[in-house]
Amino acid sequence: MNQIINIALPKGRLGEKVYNIFEMAGYPCPSIKEDSRKLIFENSEAGIRYFWVKPSDVAIYVERGAADIGVAGKDILLEYSPDIYELLDMNMGKCRMAVAGKSTFRDNTQRPLKVATKFSNIAQEYYSSLGRDIDIIKLQGSIEIAPILGLSDVIVDIVETGTTLRENNLEVLETIVPISARLISNKVSFKFKNNEIETIVNKIGKVIKEV
C-alpha cells in the first residue's frame, strides 16, 4: 500500500495552477476546489494530502518535514537556502530577479552602493561576486519608491512585466537570475518515500511538457 505524500501548495493563483498540474498528472482532490476555509485536503486513493500555505513558507514546511514535497519560487530557495532537494522546474511563475534604478543612474564606486531590497542574501551574493561593496536597506514593500526618494541608489527585486518600474520612471539595469516555481522535496522523505515521490515527479514532468 502506498504511503500518503504530504504536498505543500502555495496559496494564490500560482498554487491553483500547480494543483491543476497535479490533477492532470493523476492526483486529483476535488474537495480542494470547494468554496471553504479548509486548508488540508486528502485523497487516500490517490495517496496524497494537500495543504495551502503562504508561498514564502512552503520551503520551511518541506525542510522541516511537515510536507514531503512542495512548490516554491526559485527566489525563496536562493534567498533562504533551505536544506531540501530541488526536483523539477515547474515552468510557471516565470519572472526574473533584477537590479533596477533610474535611467540616469551612474554607479559611484568611491562609496558603498545603497541597495533597497527584501532579498538581502541574493543582493549580497550578487554584488560580492562583482567585488562591489553595498549598503543593504531591508524593505518589505513599495521598494520602487526607494531610489525615487533617494533612500537607495538601486533596488533588487522580482520583475515580471516591468510595468510598475516604468510607471515609477525606473528601468531594469541588470538581470541577476531567472526565476520560476520549483518542485522541492524533504531530504528524509525523498529517501523513505522515494518510489512515490519519483513517480509524482515523472508524471508531473510529462504534464509540464504537454501543456
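The protein contains eight helices and 11 strands. The model is a predicted one. Of the 211 residues in the protein, 45% are buried.

**Pockets**

The largest pocket has a volume of about 1100 Å³. Its lining is made up of 40 residues, and L14, D75, C95, I158 and E160 are those that lie nearest the centre of this pocket. Several elements contribute to the lining: α1 (13–24), β4 (69–73), α3 (74–80), β9 (154–159) and α6 (163–167) each supply at least two residues. By class, this lining divides into 17 nonpolar, 12 polar and 11 charged residues.

The second largest pocket has a volume of about 260 Å³. Among the residues that line the second largest pocket are K11, G12, E16, Y19, N20, I32, K33 and W52. Others in the lining of this pocket include S36, R37, K38 and L39. Helix α1 gives the most to this lining, with three residues. The classes here are four nonpolar, three polar and five charged residues.

**Salt bridges**

A search of the whole structure finds nine salt bridges. The table gives three of these pairs, with the distance between nitrogen and oxygen.

| Pair | N to O distance |
|---|---|
| E42 and R49 | 2.9 Å |
| K74 and E86 | 2.9 Å |
| R182 and E86 | 2.6 Å |

In the pair of E42 and R49, the side chains meet in a salt bridge. E42 counts as partly exposed because its relative accessibility is 41%. R49 is likewise partly exposed, with a relative accessible area of 24%.

The side chains of K74 and E86 also meet in a salt bridge. K74 lies in helix α3 and E86 in strand β5 (residues 85–89), so this pair ties together parts that are 12 residues apart in sequence. K74 counts as buried because its relative accessibility is 17%, under the 20% limit for that class. E86 is partly exposed, with a relative accessible area of 36%.

Which residue forms a salt bridge with E86, the closest N and O atoms being 2.6 Å apart? That partner is R182. The pair links distant parts of the chain, as R182 is in strand β11 (residues 181–185) and E86 in strand β5, 96 residues apart. At 12% relative accessibility, R182 counts as buried. Salt bridges that share partners join K74, E86, D89 and R182 into one network.

**A nonpolar patch on the surface**

I145, I148 and L149 form a nonpolar patch on the surface, and together they have about 290 Å² of accessible area. Of these residues, I148 lies in helix α5 (residues 145–148). I148 counts as partly exposed because its relative accessibility is 37%, and a residue needs over 30% relative accessible area to belong to a patch.

Conventions:
Residues numbered from 1 in each chain as written. Predicted model: local features only at pLDDT ≥ 70, side-chain atom pairs only at ≥ 80, totals over all residues. Heavy atoms only, no water. Patch = residues over 30% accessible without salt bridge, like charges linked within 9 Å, V, L, I, M, F, W, Y side chains within 5 Å. Areas by Shrake-Rupley, 256 points an atom, 1.4 Å probe, with all protein chains shown as cover. Salt bridge = Lys/Arg side-chain N within 4 Å of Asp/Glu carboxyl O. Helix = DSSP H or I, 4+ residues; strand = E, 2+ residues; numbered from the N terminus. Buried < 20%, exposed > 50% of the residue type's maximum accessible area, 1.4 Å probe, protein only. 1 Å grid on protein atoms, 1.4 Å probe; cavity = no way out; pocket = protein on both sides within 12 Å on 5 of 7 lines; lining within 4 Å. Points joined across faces, edges and corners; volume = space filled by probe spheres on them. Nonpolar A, V, L, I, M, F, W, Y, C, P; charged D, E, K, R; others polar.
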